[in-house]
Structure formats: structure tokens, C-alpha cells
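Subject: Structure for you to look at

Hello,

Here is the structure I promised to pass on.

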Amino acid sequence: MPAPIRLRELIRTIRTARTQAEEREMIQKECAAIRSSFREEDNTYRCRNVAKLLYMHMLGYPAHFGQLECLKLIASQKFTDKRIGYLGAMLLLDERQDVHLLMTNCIKNDLNHSTQYVQGLALCTLGCMGSSEMCRDLAGEVEKLLKTSNSYLRKKAALCAVHVIRKVPELMEMFLPATKNLLNEKNHGVLHTSVVLLTEMCERSPDMLAHFRKLVPQLVRILKNLIMSGYSPEHDVSGISDPFLQVRILRLLRILGRNDDDSSEAMNDILAQVATNTETSKNVGNAILYETVLTIMDIKSESGLRVLAINILGRFLLNNDKNIRYVALTSLLKTVQTDHNAVQRHRSTIVDCLKDLDVSIKRRAMELSFALVNGNNVRGMMKELLYFLDSCEPEFKADCASGIFLAAEKYAPSKRWHIDTIMRVLTTAGSYVRDDAVPNLIQLITNSVEMHAYTVQRLYKAILGDYSQQPLVQVASWCIGEYGDLLVSGQCEEEEPIQVTEDEVLDILESVLISNMSASVTRGYALTAIMKLSTRFTCTVNRIKKVVSIYGSSIDVELQQRAVEYNALFKKYDHMRPALLERMPVMEKVTTNGPAEIAQTNGETETAVLETKPPPSGLQPANQANDLLDLLGGSDITPVIPTAPTSKPATAGGELLDLLGDLNLTGIPSITAYNKNGLKIDFTFERSNTNPSVTVITIQASNSTELEMTDFVFQAAVPKTFQLQLLSPSSSVIPAFNSGTITQVIKVLNPQKQQLRMRIKLTYNHKGSAMQDLAEVNNFPPQSWQ
């Protein structure tokens, strides 16, 4: 049989293929030749054939038939064979295939080999694809190599130990003695991998974290030496000494200093030194500064140091690199609640980012701008945000409009300014506003008695000849129906009154009714407004009767029903018409069935209960109920967001009884609502004696994993026939190993005694990753709702 072609020739041949089909034909032909060689047990060219097979695998073609050949190469005594064999094992094998267990003995032998390069190959392979069984069998060999004096092997052994700990966390203590002298090593490669190993151990075990806090002075000393050392060609990157090691040390310091005063105090000086001495002209320096900022914001650092960190982020906003600007905006958004005044100093730069061409930067700048709005700057910020709303892309308009509504409601300096601002939003982006904008504005106008004449005149002028913005037309129709008499009488004092006749007002409303741009809801508003004017106008009642009677035969069922009922008012109940259509009284804002919006001003938490949909992320730093609604996919679902956790559990006996009244402990069986990834949520039930329609649900969240779960937030949604109130949780941290629980109380009002259904959303941080999950709970015991 002729010798197979070399890898280089195969690559050259495949690159000459002009079409995908031609390439596929070449690959199939070569694969057939390789299979024949494997069947004939050709040891001479096995290494060459596996190398070609790996190249084909990298191109996306199947290469699984070469797995056993890789094992044969690993068992070979030649280094060149072992190198290709181990590479093939890392690419073609993983712990899902039982074949990988056949490698265990070979790897064990090679870990004890006399040649360091063979040992390095075995360590790389074990650290790349070793299963939990392999890690248990070979952890002892890895631990021995971690203590060796050979720097080449120690750095590989440290990374391999990281993989072993991830696969088998209970073996962590085996490596503890070997870590004692790792930070004394002069070799930067060993130092780097040692810091990675220590970081992994600290993240996975609170005991290890407490143990390694004593290393903070040593880490500070290493970092200081890196900063102060002169030029070293071996470690220099763009004029900075080993930035990769600096970044790793800063991350480890962040973990060690979190929630610990002594450790934080020990690293304050070095963090200030890194922040002031690092060169920012190159991206390498910016990476170190960014890690420094994250560390400063995460530990218990001094206030001056935090201001320095925010100023660094402010400088990032002026950088030409879009990635750096995006990172700065994201970081400022996370810190704005704790360091509001420091971030305010960079407000003008943040607002300038609204004009950026990059949509991701624009969105982050919008969210941060809303977070910066307060009573002192509301006029200037709203001016900038209204300008942004006028010129931004359609995908921003809905969130921007909602944010302006919420900011105006919270910080409006006067009612006139509030009304003008919302009308400007409706005029600019009326088609994009959320459904709750119309009833909220109507309520605002109703409650601003002294502004009725001004408002109806402004709205009348706003919709003259333009019915494209449907929410604006709906609000205008409602106001004209309510306050049409003020419009005609010209009583406006805030601006020059306009001369309008009753017929002109009716012309506008009739135009809305017949316009092709008018939605069915808008027509309903217009018809009701015309009907209301029958008690406010004196000369056009007959015309109004005629218009109403025409729509009694409309093909729109909703419009037809309204018209028929209004006709009945004119005929059979005309004596009741003035009383039924009198002006609406001042409205009380509905506070049930709405999500609580958590916003912070100058560090103090304020809770505002909204009527319908939630605000955008810029004004709602808590996890958004928007996401819950979108994910649940139902308009009949009402979300509830919990308020911030308090230091005192909500289930404290006396206080809970005061809140809920006497409870009827009826022995309702408890249920497990969620049990996944070590997180378990149990529901226990109680019924109120004072109100049998109220079910009190106490949730208990426990964590069976080896690491605590932080920033835990529980959200719930129920159908509209229910009302839901979610009280504050006892904590936001669920301890590991089921050593404690979080408790939280839900009150559900079920007046119709319907079967209870609930959808829940869970968000938390675990092992350094943000986790999120949805679940549906339908197995409530009948005693809890009947």
C-alpha cells in the first residue's frame, strides 16, 4: 500500500477545492484511505493519519472513528505519537464517551514519566477533559506534581488542580498544603496559575475564603512589585509588566476583600496606587484599570477611593474605543445607586453618549440617564431625553417614553410642566407608548383641576388634522368630552385662548370617528366624548343625536353597543342623562395588582406602587417585571416584584399576625414549588379568619450546594382574577449546605374561589454566574383556595 499523503499536502489539496461539494469529495476519499490504514493496523503512519483526521475534525467533518487510534498513540513510547494522541483525545473525547476511561492508566503512567514534556501532555489532557472518575483516581499524582520544584510542571499542575476541584469539590482540601508556597514562586507562569487556583478555591468554599484572607498582604506585595518593577522584556506588554497577572491578582483581592473590613483596609493603598500609576493610552492599561474599579466597588473601600474609581469610569466615557465606553456605562449603571452623587458629576458626558451611533452604547446611556434623574436636574435631563426620544430608533421609543413618564411623575416641579412633558411624549412617540400611558395621563389631567382649560386647549391644537398618534388622540378625545365647554368658552389663562365653536369641536371628533387611522378603541373614546358634549353644549344636541344614531348600526360591535346604549339615554332615560354624563370626579390611584418599582435617591430606598406595567431598567434597578411579563407571554398575568430585603424577617410572629390578622391554621399540606440546581422552594399555607378569601403563602428557599446563593430575588405572577401582595424577604443570601433558609410571605386574594395558578421567576448569583429560571406552579392543594 502506498504511503499516505502528508498533512501539509492534504491542506494544500483541500484549499484548491472551488466548491463545497468538491471539498466534501476530497475529504470522503481521504477518510476512506485513513479507515483502510486503521483496519490494517498500520503503526508506521498512524500518527500522520490521526493528524489529518484532526484537521478534518476542525473543518467540521465527523472524525469519531479515530478515537481508539488516539488511545493507541497515547500508549506509544514515542513522544511525537503521544503528542498527537493526547491532542486527539482532547478534541475527540469527552466524559460522555466511556472510551475516555481507558486512558486513565496511560495518563497515570505518563504523570510519573521521567520526561517533563510527557508529564505536561498528561496534565494538559486531564485538565481539559478529565471526568470526575478520572479526577478522583489521579488527584494524588496532580498534588505531587504541584509540590515539585519544576516550574514548567507546577504551572500545568495548578491548572489541572483547578479542573479537578471543579469536577470533585470535596478533593479541595487535598491541595491545601501544596498552596502554601505557591505565591513565593518567582516564575510568573506559576504565580499566574497559582492565583487562578486560589481564586477557584475561595469561590467554592467559605472556609477556604477565610483561610486565604491572611494572604492579602502577600498578594499586595506581589502587585506592588509588578507596578514598581522596571522594564522586563519577558513580561512587558505595551509598557506594562505582566498585565495578565495583575488582572488575576486584582480579581482575587476582590473576592478576599468582599464583606471584610480588615482585608479591604489592607488593599486600599495598593488599589489607589494601581489606579493612579497605570498608563491609559493602551488597551492593556484600561483592562487593569477596569479590574481595579470593579475591585474598589466590590470591597469595603474608602469613599475617596470610590470617587476615584468612578472618575476612572468617567474617563473611559471619553475613550474612542466603543467597547471601553460600553464597559464604563455598564459599570456606572451598577454603582449609581450606591454612589449617586459621584456619578452625577459625569452627567454631561453620559448624556453625550445618547448621540452615539452604536445602539448598545445608546441603550446603556439611556438607562443610566434615567437613573441620574432627580428633583434638581429633572428639567435639564428631560429636555435631553425628549430630544433623544425625537431622534432615536423605534426600538428605543417604548422604553424611553415609559422612563420619561415615570421620571415626570416622580420629580415633576409643577403640574403644568408634567402635563406638557407627557403631551410632548405622546406627540413625538405616541404610537410606541405602553398601554398604561393613556389612563395615567387622564388621571393626571383629572386631578389637576386648575389646568383643565389649558390642557384641553393644548390637546385640541395637537390633534388638528393629525390622527396618527393614537394614544394622543384618545387622551384628546376624552378631555374634549369632559371639558369641551371650557374649550368653547375660551377660559384659558395660561396661554392665549383660541376661538372655537361647538360645531368645530364636533367636526374634529367626527373626523376621528371616520378616519382610517383610528383604531376601534380610539373611535370608542370619540363617540363617548361626543355623547358627553350633549350635556355641555347647548346648540348642537340634535347633531349629536344624529351622529350617535348612525353608529347604532356600525359593523364594529363595541361601537354599535355604545351607540345603542347612548340612543336609549336620549329616548327612555333622557331625564337621567345630565347626571350620568356629569364631569368625572378626582380619581384615586389604584394601588392593587401592580408591580412595586424600587428606585433609590441619594442612597435611600423609596417604593412606588404603579397601576399597570413596570418601568424600564433605567429607573428600575431591581430585576424587571417587564422580563417576567415577556417570558410568561400573557396579557392576563399581573406581576409582583418584591421590595428590598430587610434585616428583620417578615415572618417574625407578632408582626406578621399584626399584618395579616388572626390566622386559621387548617393543616393545609405544604408543596415543593421548585427543586432544581440545588435550589428548593417550599410553599406552606395558612388561611385568614378575618377574610376567608385570603390565602397566606410562606415560601422557604434552601440551598443544598456547597456555595451560597446571593442576590436572590423571587418574583410571582397570577391571573387577573387574583390579587397578589409579596412582602419583603428575610434575606437575599441563601446559605450553602441547607444550613439556613430565606423566608418570604405572599398574600393572595381569591374572591371567586378559583383554582390557584402561579408562575414564578427566580434570579440569583451562584458560583460567580447570574442564574435565572422560570417555573409554573399548578399543584396547589384544594384547601388553599376552596
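Is Asn 259 buried or exposed? Asn 259 is exposed, because its relative accessible area is 62% and the cut-off for exposed is over 50%. Please keep in mind that this is a predicted model.

Overall picture

The protein chain has 33 helices and 14 strands. It has 786 residues, and 52% of them count as buried. Among contacts with a separation of 6 or more, 67% are between residues 24 or more positions apart.

Two residues with positive phi

Asn 259 sits in the loop between α13 (243-257) and α14 (261-277). Its phi is positive, about 60 degrees, although Asn 259 is not a glycine.

Ser 238 is another non-glycine residue with a positive phi, near 55 degrees. You will find Ser 238 in the loop between β1 (236-237) and β2 (240-241). Ser 238 is partly exposed, because its relative accessible area of 40% lies between the cut-offs of 20% and 50%.

Two helix pairs

Two packed helices are described by the angle between their axes and the distance between the axes.

For helix α7 (residues 116-129) and helix α9 (residues 151-167), the angle is about 20 degrees and the axes are 8 Å apart. Angles under 35 degrees count as roughly parallel, so α7 is roughly parallel to α9. The crossing of α7 past α9 is left-handed. On the α7 side, the residues that make the contact include Gln 116, Tyr 117, Leu 123 and Met 129. On the α9 side they include Tyr 152, Lys 156, Cys 160 and His 163. Sorted by class, the contact of α7 with α9 has ten nonpolar, five polar and one charged residues.

For helix α26 (residues 470-489) and helix α28 (residues 520-533), the angle is about 10 degrees, and the axes are 8 Å apart. By the cut-off of under 35 degrees, α26 is therefore roughly parallel to α28. From α26, the contact includes Val 473, Trp 478, Ile 480 and Glu 482. From α28, it includes Val 521, Tyr 525, Ala 529 and Leu 533. By class, the contact of α26 with α28 has eight nonpolar, six polar and two charged residues.

Two buried residues

Gly 130 lies in the loop between α7 and α8 (132-146). Its relative accessibility is 0%, so Gly 130 counts as buried. Which residues are in contact with Gly 130, leaving aside its neighbours within four places in sequence? They are Glu 95, Thr 125, Cys 135, His 163 and Lys 167. Gly 130 and Lys 167 are 37 residues apart in sequence, and their C-alpha atoms are 8.4 Å apart in space.

Glu 69 is part of helix α4 (residues 67-74). Glu 69 has a relative accessibility of 6%, under the cut-off of 20%, so Glu 69 counts as buried. Residues up to four places away in sequence aside, Glu 69 touches Phe 38, Arg 46 and Val 50.

Strand β12 and its partners

Strand β12 (residues 741-749) is mostly covered, with seven of its nine residues buried. Strand β9 (residues 694-703) runs antiparallel to β12 and is joined to it by nine bridges. One example to find on the screen is Gln 700, whose bridge partner in β12 is Thr 743.

How many bridges join strand β11 (residues 723-726) to β12? Four bridges join them, and these two strands run antiparallel. Gln 723 has Leu 749 as its bridge partner in β12, and Leu 726 stands opposite Ile 746 in β12.

In a regular strand the side chains alternate between the two faces of the sheet. β11 can be read in this way: Leu 724 and Leu 726 point to one face and are buried.

Regards

Methods
Residues are numbered from 1 along each chain as its sequence is written. This is a predicted model: local features need pLDDT of at least 70, side-chain atom pairs count only at pLDDT 80 or more; totals for chains, interfaces and linings use all residues. Side-chain values use heavy atoms; hydrogens and water are left out. Axes are lines fitted to C-alpha atoms, for helices over the stretch in contact, and angles run from 0 to 180 degrees between N-to-C directions. Angles under 35 degrees count as roughly parallel, over 145 as roughly antiparallel, 65 to 115 as roughly perpendicular and the rest as oblique. A crossing is left-handed if the near helix is turned anticlockwise from the far one by less than a right angle, and right-handed if clockwise. Contact means heavy atoms within 4.5 Å. Ala, Val, Leu, Ile, Met, Phe, Trp, Tyr, Cys and Pro count as nonpolar, Asp, Glu, Lys and Arg as charged, and the others, Gly among them, as polar. Buried means under 20% relative accessible area, exposed over 50%, partly exposed in between (1.4 Å probe, protein chains only). Two strands pair if DSSP finds at least two bridges between them.
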